[in-house]
Amino acid sequence: MTHHPYVYLFVCFTFLLTLADATSILFLPLYLSSVLKMEPIHIGVLSGIVPLAATLGGFLAGSLSDVLGRKPVLILSMFAYSVFMIGFALSKEPVLLFLFVFLKGFFSGFFSPVSKALMADVTPSEYRLKVFSLRYLVVNIAYALGPLIGLLADIGGSIESFYVAAAVYCILGVGLLVLIKQDTRHPASYNQSDKSSIVIACKVIYRDAPLLLFIIGGILSTVVHGQWSVPLMQYLGLQVNEPAKLFAIIVGVNSICVIVFQIPVTRIAQKFQPIVSVFMGSSLFALGMLGFAFANEWWHFVVSMVVFTMGEVLVIPAEYQLLDQITPAHFRGAYYGAQCFTTLGSFIGPWLGSVILTHFSSGGFFTFGTYGLIALLSVVFFWRGSKLHVKFNRHLALLNMQNP
């Protein structure tokens, strides 16, 4: 199938914007420590603000896009991000740094849920897994290339990288504005202020039990895969002689496996229900974590990473597909925005790993064993949410038959 032009457009935009972030924001701790000479505790706070603010921004943006339309929210996010990124680069005072990092993170969270909602708007439901998988693939390619480009261009960890990222967002914002003005045929330019509001969307989400179960399952799953690199790096630092070298190999294996396996695995996954993909992927998460727990040689870690990454390739697109199945079209932005709350798992995961590694002598076994159990526990919530959704649909179909 040939996808709608907007799918290809936003896949390209996603790649370029992620690439800009990967050459700048990934180096934020280095910039704060080497250039601004900040204390580690302040660096941790500022680094943690970005995903937290993006979580809040994503939910608000998704709801806004249902009311105002996808296009205005996307354009606003790109220009606002650019302005606040420059503000951050020019700031030296802690209070201003905190403010601009929060605002930059807040508006950076707009793009992901709204662009995904727009891509879903223009794609038939049976092809959305392909679209979500393609988007996930280009994000991983960008994250693999970004740090390398930052180092080769000698801008990683420097103030110039933030100016470059701001310029990319601004240029693409202008490009999107021009393209939108020229294209009046987009079928999903929602402007539903007469049909819905953010307050109504929040009420619908609060009462949607399958969605809440999916969010809990997503949080638990993200605890495992969201920032797996943090506890693994800490563990390697305690166990091997050259942790940085082995860690670089493992990260490279993860990126390569995602790029190589994403398309063929997606083709296979299309033959199954998304809950099956979640179950298989979460089981592979658990096996990969179990492999880390018992690893003694470098190749043990590599093999475990391959298994873990196969789980990642299965789970992440399937989570989007599960969400899409329960999403009302006129609340799609709000539902996609609500999924941003799964990012909370990225905070819980590193914290949990650090606590276990600190308080247990066999920290690696308990850490990765716990992550494996959490991965399996997440399936329970996804499965229960799917069951409730199927039960609701059957009940609705029965009512329609009784009241034709």
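What percentage of the 404 residues of the protein count as buried?

1. Overall composition. The model under review is a predicted one. Of its 404 residues, 53% count as buried. The secondary structure comprises 16 helices and zero strands. Among the contacts with a sequence separation of 6 or more, 83% join residues 24 or more positions apart.

2. Cysteines. A search of the whole structure finds zero disulfides. Two cysteines may be described individually. Cys 170 counts as partly exposed because its relative accessibility is 31%. Cys 340, by contrast, has a relative accessibility of 13% and therefore counts as buried, the cut-off being under 20%.

3. Helices α9 and α13. Two packed helices are described by the angle between their axes and the distance between the axes. The axes of α9 (residues 209–225) and α13 (residues 298–326) come within 11 Å and cross at roughly 165°. The two helices are therefore roughly antiparallel to each other, since angles over 145 degrees are classed in this way. Their crossing is left-handed. On the α9 side, the contact is made by Pro 210, Leu 211, Phe 214, Gly 218, Ser 221, Val 224 and His 225. On the α13 side, Phe 308, Val 315, Ile 316, Glu 319, Leu 322, Leu 323 and Ile 326 take part. Sorted by class, this contact contains 10 nonpolar, three polar and one charged residues.

4. Helices α9 and α15. Helix α9 also packs with α15 (residues 344–359), at an angle of about 45° and with the axes 7 Å apart. The pair is therefore oblique. The crossing of α9 and α15 is right-handed. Ile 219, Thr 222 and Val 223 of α9 meet Leu 344, Gly 345, Ser 346, Ile 348 and Gly 349 of α15. By class, four of these residues are nonpolar, four are polar and none is charged.

5. Helices α10 and α11. Helix α10 (residues 229–239) packs with α11 (residues 243–269) at an angle of about 145°, and their axes are 9 Å apart. This crossing is right-handed. The contributors from α10 are Ser 229, Leu 232, Met 233, Leu 236 and Gly 237, while those from α11 are Pro 243, Ala 244, Leu 246, Phe 247 and Ile 250. The contact of α10 with α11 has eight nonpolar, two polar and no charged residues.

6. Leu 129. Leu 129 itself belongs to helix α6 (residues 128–152). With a relative accessible area of 5%, Leu 129 is under the 20% limit and so is buried. Leu 129 and Ala 269 lie 140 residues apart in sequence, yet their C-alpha atoms are 8.8 Å apart in space.

7. Val 302. This residue lies in helix α13, the helix whose packing with α9 was described above. Val 302 counts as buried because its relative accessibility is 15%. Leaving aside neighbours within four places in sequence, Val 302 is in contact with Ile 249 and Val 253. Val 302 and Ile 249 are 53 residues apart along the chain, and 7.8 Å separates their C-alpha atoms.

8. Val 122. Is Val 122 buried or exposed? Its relative accessible area is 12%, so Val 122 is buried. The residue is found in the loop between α5 (94–121) and α6. From C-alpha to C-alpha, Val 122 is 7.7 Å from Val 7, although the two are 115 residues apart in sequence.

9. Ser 65. Helix α3 (residues 40–68) includes Ser 65. At 0% relative accessibility, Ser 65 counts as buried. The C-alpha atoms of Ser 65 and Leu 118 are separated by 9.3 Å, and the two residues are 53 residues apart along the chain.

Note on methods: Residues are numbered from 1 along each chain as its sequence is written. This is a predicted model: local features need pLDDT of at least 70, side-chain atom pairs count only at pLDDT 80 or more; totals for chains, interfaces and linings use all residues. Side-chain values use heavy atoms; hydrogens and water are left out. A disulfide is a pair of cysteine sulfur atoms within 2.5 Å. Buried means under 20% relative accessible area, exposed over 50%, partly exposed in between (1.4 Å probe, protein chains only). Axes are lines fitted to C-alpha atoms, for helices over the stretch in contact, and angles run from 0 to 180 degrees between N-to-C directions. Helices (H or I, at least four residues) and strands (E, at least two) are DSSP runs, numbered from the N terminus. Angles under 35 degrees count as roughly parallel, over 145 as roughly antiparallel, 65 to 115 as roughly perpendicular and the rest as oblique. A crossing is left-handed if the near helix is turned anticlockwise from the far one by less than a right angle, and right-handed if clockwise. Contact means heavy atoms within 4.5 Å. Ala, Val, Leu, Ile, Met, Phe, Trp, Tyr, Cys and Pro count as nonpolar, Asp, Glu, Lys and Arg as charged, and the others, Gly among them, as polar.
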